[in-house]
Amino acid sequence: MLELRNITAGYDAGTVLRDVSITVPDGAVVALLGPNGAGKTTTLKVASGLLGTRSGQILVDGEDVTNKAPYQLARHGVCHVPEGRGIFPSLSVTDNIRLQAPARNFKASLGNATSVFPRLGERAKQISRTMSGGEQQMLALCHAYVSDPQYILLDEVSMGLAPKIVEEIFEYLHDLARQGKSMLLVEQYVAQALKLADYVYIMDRGTITFAGEPGEISEETIMNSYLGSLAS
Amino acid sequence: MTEFLVFLPSGIAIGSVYALVALGLVLTYKTSGIFNFAHGGIAAVAAYLFYELHIRQGWHWAPAFLVSLLVVGVLGGLLVERLAALLGSAPTVMVVVATVGLLVLLQSLMTAIYGSANIFMKSYLPTNTLFTLGRFGVTVEDLAVTGFSLGAGAGLYVLFERTRIGKSTTAVVDDPNLLSLQGTNPAMVRRLSWIIGSCFAAVSGMFLAPKLGVSVNTLILLVIAAYGAAALGRFENLLLTVAGAMVIGVMVAYLPSQVSKISSNPLVQNLPGNTPFLLLFLVFLVAPTRLLTERGVANARRTRPIRTFSRPVTYGGFALLGAVLLLVPTFVPNAEMTQYASTLGYFIVFASLGMLVWMSGQISLCQMSFAAVGAATAGHMLQHGISWPLALLIAGAVAIPVGALVSITAIRFGGIYVAIATFGFAIAMQQVGYYTSILFGQAQRIDVPRPEILGVHFTEIVPFYYLCLAVAVLAGAVVLAVRASRLGSLLRAMSDSPTALAAHGANTTLIKVVVFCISAFLAALGGVVISGVPQNASGALTGPFSVTVSLVMVAVLGFAGRRPIASPLLAAILFQLIRIYPPFNTEGFLKYQGVIFGLLAIFVAISPALNIRGAIARVSSASGDRRDPSAGPVRARLDSAPVKPVALRSTPVGAEPELVGSGKGAGR
Ligand SMILES: Nc1ncnc2c1ncn2[C@@H]1O[C@H](COP(=O)(O)OP(=O)(O)OP(=O)(O)O)[C@@H](O)[C@H]1O
Ligand SMILES: [Mg+2]
């Protein structure tokens with residue numbers, strides 16, 4: 001179980017998250033939705049250790065990991081595929097996977113990755129900067145496969161991709177869910193995300209405004225929360 | 001052919017040491033995006049420490065070697081890593097100021113302790129001949145040095161190509177936060193590569209000590225060989241770097257014998273020694289732009305524009321300054337006037353440098369070489385009976401094509417490569433150029449007499465001071481005119497967004513070259529003034545036109561501020577004038593002024609990252625963005641470097657006022 005308890009966090013410019021609590025139970029998919037600038041990315045950064053907290057706690061399987069560095073959290077089984085393209089542009093596909101994989105286990109991981117994403121196998125030697133956006137995103141997503149994490153944090157992995165690729169990516173996410181991974185999913189494709197999710201949190205201006213199961217809310221409510229925020 | 005083979009072993013021995021130096025340089029540049037101009041300084045410090053322990057303290061060479069390696073390679077590497085981390089988001093010019101500051105610091109420190117003379121040191125490895133190749137015997141020493149260097153190179157190659165940690169060294173430049181998310185501590189990766197890099201430098205310094213003697217200046221100049229090799233490896237490819245170093249080593253060993261057959265002209269004979277420099281330029285000349293990318297610039301913080309004073313303050317200030325400068329001879333004894341006159345000369349050179357650095361974001365490490373061109377040209381003109389004002393203008397004009405030549409090759413690759421090219425040029429001038437008859441000639445000296453114009457005897461120091469003042473005012477006016485001109489506004493636009501400017505059809509390369517040429521012109525005027533004080537000019541290593549002076553000037557200007565006139569003036573005063581007044585007229589200050597200047601330059605370069613005010617605020621509320629703890633508070637800005645196209649973002653635009661989205665790195 002991954003728990004954020006009463007997190008307050010922000011940047012030098014100001015506080016962004018206020019008293020945010022989110023629980024990702026084992027094997028569950030949790031969707032985190034909200035308008036632009038709500039603090040979703042910030043929440044994921046806190047959860048993976050990229051951003052320190054001002055108050056509150058982060059617990060992984062009951063162990064307090066508050067304010068640990070990202071590489072330490074990664075060793076606790078937390079895998080964060082960040083917003084944007086989570087790849088090293090100057091490295092080849094193989095070398096990107098080498099860094100995503102646990103140190104000892106590279107050969108097997110590479111095989112695993114190329115069986116899940118055959119297209120990456122074909123491009124093993126290519127410098128990842130030169131791949132298409134969709135291919136790059138798949139390479140970023142590869143991290144969730146090869147590092148064998150327990151908790152996967154995904155930040156808008158479908159951003160800027162063609163609908164067909166988005167579909168493909170959601171298939172991978174379903175696949176990960178079936179494998180029993182816990183996921184915290186930030187998505188702009190609300191309908192798709194809800195289909196996948198066991199629990200939903202809605203965030204607005206740095207606080208959680210709704211927490212519950214997908215059945216408890218209509219898409220309309222969500223759209224309203226988005227629009228409400230924009231109107232204000 | 002057989003003759004070539006004869007030189008092969010010694011060439012490979014030299015080349016393998018060059019390779020070691022170059023590998024350290026490329027490795028650290030690759031990993032941190034920081035090109036370390038102090039790399040040769042590290043080699044020198046190791047050589048001195050080794051000398052101290054082995055010769056002066058009488059230790060056996062093995063423990064002495066090991067201790068030097070630990071202190072300079074490991075400890076020094078860790079220290080430089082801290083410096084590099086604090087420079088992580090500094091603009092290129094400040095990175096150069098800091099590493100040049102470090103070089104000046106180390107050089108001054110070593111010279112203060114051990115003097116500037118080359119210290120002879122006996123070979124510590126056995127020098128008995130193992131076997132002979134042609135006329136040359138291969139000694140144990142050669143074999144050990146070559147074997148160690150090649151072994152280290154091969155080990156590094158395997159590390160880089162085959163291992164996870166090796167790949168991390170590239171990844172950490174791309175995105176340290178992502179690396180951390182993937183379970184690798186970026187600070188550890190950086191430390192490792194700086195330790196390896198510094199150890200390589202330290203070892204090469206100790207290897208070279210018995211061959212070249214222990215001398216900070218020799219070792220600093222020697223890194224140019226490493227630059228040549230690194231350039232052949234495109235500053236990133238380790239194998240090509242080693243190959244390049246071998247080629248350079250063999251050419252340096254072999255060519256002199258060939259050249260002496262062709263010509264006995266000492267200039268021609270000196271050419272092979274400059275193979276590295278020539279190769280460096282050749283690479284800059286022929287390499288396609290995409291092959292040499294400037295590293296680390298995508299994260300660069302933009303410098304805030306300087307606060308402009310209101311008109312009355314500006315004019316009032318200039319009037320006051322003018323009055324003081326005019327009245328100087330009334331309150332300064334004649335004996336000290338020479339110092340004031342040369343301060344004006346240095347002001348001109350500083351102003352030329354300041355214009356280049358603060359207005360166009362380029363940096364030159366060969367400003368005194370341009371000044372030397374000016375001084376020498378004026379000397380020749382005056383000898384041919386040309387009047388002083390005309391000689392001055394011709395001197396400036398001659399420097400223009402020189403400036404164009406130096407800058408044009410490197411400019412298209414970006415700021416750091418300009419710095420590298422100018423450093424190479426300064427060294428080549430020092431070693432060969434100054435000896436040519438068009439500059440100072442074999443005698444290394446040319447007379448630059450003070451003139452007599454329209455019956456005024458400028459040969460007297462006070463009238464000459466006014467003549468210098470006139471030239472200084474002219475130079476200052478040129479700088480201000482450039483600022484106010486269309487060129488100035490183009491430059492400002494360029495520092496805001498080079499890509500946008502290029503998209504509007506402006507030729508950014510041309511703009512940069514033009515500024516460089518103007519700067520060279522002004523520096524040459526400064527050179528004429530400086531040489532007019534002693535009425536002669538020379539290219540001596542201890543003289544005003546040496547590489548060292550160019551470097552020290554960069555350090556001094558680095559902390560003197562970014563104002564077009566006031567900062568160069570302050571720099572010139574600090575550099576040239578304060579030494580005649582207490583408390584700076586002591587031997588201790590003169591000895592250690594390089595240390596002080598270097599420290600100040602480093603401090604100014606890293607101070608934005610130290611975030612002193614922020615640190616105080618943080619003490620009260622323990623919080624903040626500590627994404628990559630190794631990198632200090634600067635790294636907090638890193639994550640926003642890749643700009644995400646989101647239309648509805650509610651982020652206030654001013655949230656990150658200091659960040660250049662992709663700016664200089666946009667070409668990649
Ligand atoms: N590095 C940063 N420094 C300062 N403020 C930041 C930084 N990153 C984000 N913010 C601010 O924090 C708030 C929340 O941003 P965040 O990126 O978490 O939103 P989000 O919900 O992910 O939005 P989006 O849907 O647009 O990705 C915004 O107001 C933003 O301006
Ligand atoms: Mg976001």
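How many helices and strands does the secondary structure of chain B come to, and what does the contact between domain 1 of chain B and domain 2 of chain B look like?

Mentor: Please keep in mind throughout that this is a predicted model. The secondary structure of chain B comes to 25 helices and six strands, and of its 668 residues 57% count as buried. Among the contacts in chain B with a separation of 6 or more, 77% are accounted for by residues 24 or more positions apart.

The domain assignment of chain B gives domain 1 as residues 2–262, and domain 2 as two segments, 302–315 and 354–578. Residues on both sides take part in the contact, 21 from domain 1 of chain B and 24 from domain 2 of chain B, while the C-alpha centres of these two domains of chain B lie 32 Å apart. Between them, domain 1 of chain B and domain 2 of chain B bury about 1900 Å², and 86% of that area is on carbon and sulfur atoms. Three residues, Val93(B), Val97(B) and Leu221(B), supply 25% of the area that domain 1 of chain B buries against domain 2 of chain B, which is more than any other three residues.

On the side of domain 1 of chain B that touches domain 2 of chain B, α4 (92–114) and α9 (216–232) of chain B each supply at least two residues, and the largest share, ten residues, comes from α4(B). That side of domain 1 of chain B divides into 17 nonpolar residues, four polar and no charged.

Chain A can be set beside this. Its domain assignment gives domain 1 as 2–77 together with 150–231, and domain 2 as 88–148, with 24 Å separating the centres of domain 1 of chain A and domain 2 of chain A, taken over C-alpha atoms. Here 15 residues of domain 1 of chain A are in contact with eleven residues of domain 2 of chain A, and the area buried between the two is about 1000 Å², of which carbon and sulfur atoms give 66%.

Between domain 1 of chain A and domain 2 of chain A the count is two salt bridges; in chain A, Glu168(A) forms a salt bridge with Arg119(A), where the closest N and O atoms are 3.1 Å apart. There are also six residue pairs in polar contact between domain 1 of chain A and domain 2 of chain A, both residues at pLDDT 80 or more. On the side of domain 1 of chain A that touches domain 2 of chain A, β7 (151–155) and α7 (163–178) of chain A each supply at least two residues, and α7(A) gives the most, with seven residues. The residues of that side of domain 1 of chain A divide into nine nonpolar, two polar and four charged.

How values were computed
Residues numbered from 1 in each chain as written. Chains lettered and ligands numbered in written order. Predicted model: local features only at pLDDT ≥ 70, side-chain atom pairs only at ≥ 80, totals over all residues. Heavy atoms only, no water. Domains from an automatic or database assignment. Contact = heavy atoms within 4.5 Å. Buried area = accessible area lost by both parts, 1.4 Å probe. Helix = DSSP H or I, 4+ residues; strand = E, 2+ residues; numbered from the N terminus. Nonpolar A, V, L, I, M, F, W, Y, C, P; charged D, E, K, R; others polar. Buried < 20%, exposed > 50% of the residue type's maximum accessible area, 1.4 Å probe, protein only. Salt bridge = Lys/Arg side-chain N within 4 Å of Asp/Glu carboxyl O. Polar contact = N/O pair within 3.5 Å; in protein donor to acceptor, adjacent residues only side chain to side chain.
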